[in-house]
Amino acid sequence: MPYLRKYKWLLTLVLFLGLMTFFSAGALMFNSGYLISEAARRPDAMIYIYVPVVLARAFGIARPTFRYAERLTSHNWVLKIVSDFRKKLYETVEQKAVAIHQSHQTGDLLSILADDIDHIENLYLRTVFPIVIGWLLYLVVIIGVGVFSWQTGVLMLLLLGVIVVLMPLISVSVNGAREFQQRQIQHAFYTNLTDEVLGLSDWVISGRHDDFMALQEKPIKEIANLRRKDHFFQWWRGFWVQVFFLAAVVALLIWAGMAFTGSKMAANWVAAFVLALFPVVDPFLEISQGASEWPVYQQSIDRVNHLSHAPVTQTPQQSLPTTFETLAIEDLSFAYKGEESAVLQDVSLTVKAGEKLALLGPSGTGKSTLLKLILGDERPTKGHVQVNGIDIASLQDERANLFGVLDQQPYLFDTTVMNNVRLGNLNATDAEVKQAIEAVALKPLIESLPNGYDTEVQEAGARFSGGERQRLSLARILLQDAPVIILDEPTVSLDPITERQLLDTLFEVLHDKTIIWVTHHLAGINHVDEVRFLEAGQFDMQGTPADLYATEPRFKQLYDLDRGH
């Protein structure tokens, strides 16, 4: 609605031009009917038909002119609205990326950002404009005929009303419901296909090729069946629209024949009135088609409005006046919305510049949640997360300058090695990028490839192994040069040898950085200054690796198990 108000005058022009397009077409047929009749009655008197001839030319030119102008202005209007709407939607997604990711699957977002925006564009071009213009023409026809005969006007009101009112309602209830069902199947298909493709390696390893294909074929067959029913319904709907339109033409012909046959000159108007009705059949047909698509557009509007209108809490942003000194967590508690039990309870922690901290604990104890709170992706229910005494929520504009993150599956884009690493610092020179790659011990590998640093890494970095992908992502972090590095179980999918080598590289090249390392076992734990065990939402054990090994039997047992003792 805000966009309708913003461009209301352009919308008015669109509707006026659309109405004039079909008015000119009707006027052309009206004038032509009179012209033909008058020319047949008095073929020798050119003066009597000179004005209708000129009008035929005028209306003949006016119709395509108005049509072209209407198409230009309507698409211009729609593109202005969609452009504004798409910009607002992307800004909303950026502001609430984490919250959206928690409440929507990847397939949902693909549907919202792709199909739904297109549906909103088509809503105006294929539903709103045709219906409004069709109804305006309907009123023009009824009023135009009613001026001459109110009885005929009422009859046309009923006959054409079946086409412009009853048929669209039937289309919405029957065909619209079917299209809504098709949209639901297609949406579920997108979501499931996204999940299945992301887990494609598991399907291949398990040898379930036929099962994978069967899952994709089922919704495709369901959609094909619904489309066949849709085409069948459209054929019958078009047939009955033509039947009622024919009845309206016959009724108008009978009335004109009775009203305008009192004299030879008056009889010229019979063909004029009857022929004028024919051009409006096209917009009348578009009303039913546009109405049948409304349920699909309604779902898209509801989904996009829900995403874009959800409140976003804005926190005044600050800059970090000095270099990083401390990260302080004070009496922090957190519970997810709708859940009674807290994930974290009264957690306190201080990390100073240059310190290396390991957070350990079994799955589900709140390690990942704590990282989200540190980064500012979530807000604590109670307590604070502060950098140099400034709340992290006020430093989100500084986030890329504060934190570098290496997680379990860092994403590499389908472009060159050089471009992927340069994402850490878009202003880095080629020499700096190569220096970062050399620091993570990938220089010999990259330079041995046929295309060297211009090698395409393929989608998600498929060209390289898991350890190599992690090293490329580490090189990206080195270029970023943030003071605090978050390591979220970066070695979880690697074999023990590759894991040890990567950890050695990580702590060697990041020796001057502050590191918060989330892990689930103790391989490479000697690299850190302090270990904190997180269990049941609270810190259970803490100390240096040497102190815990000497004083905590549980730590000693876990450490020996990881070393294979």
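Select Glu459 to begin: this residue sits in the loop that runs between helix 16 (443-448) and helix 17 (466-480). Helices (H or I, at least four residues) and strands (E, at least two) are DSSP runs, numbered from the N terminus. The model is a predicted one, in which local features need pLDDT of at least 70, side-chain atom pairs count only at pLDDT 80 or more, and totals for chains, interfaces and linings use all residues. Residues are numbered from 1 along each chain as its sequence is written, and side-chain values use heavy atoms, with hydrogens and water left out.

Glu459 is exposed, with a relative accessible area of 58%; exposed means over 50%, buried under 20%, and partly exposed in between (1.4 Å probe, protein chains only).

Next, turn to the aromatic pairs, of which the structure holds 17. Rings of Phe, Tyr and Trp (its six-membered ring) pair if their centres lie within 6.5 Å; planes under 30 degrees apart count as stacked, over 60 as edge-to-face and the rest as tilted. Select Phe148 and Phe273: their ring centres are 5.1 Å apart and their planes stand at 85°, so the pair is edge-to-face. Phe148 belongs to helix 5 (residues 106-148) and Phe273 to helix 9 (residues 268-276), 125 residues apart. Phe273 is buried, at 11% relative accessibility.

Finally, select Phe232, Trp235, Trp236, Phe239 and Trp240, a cluster linked by ring pairs.
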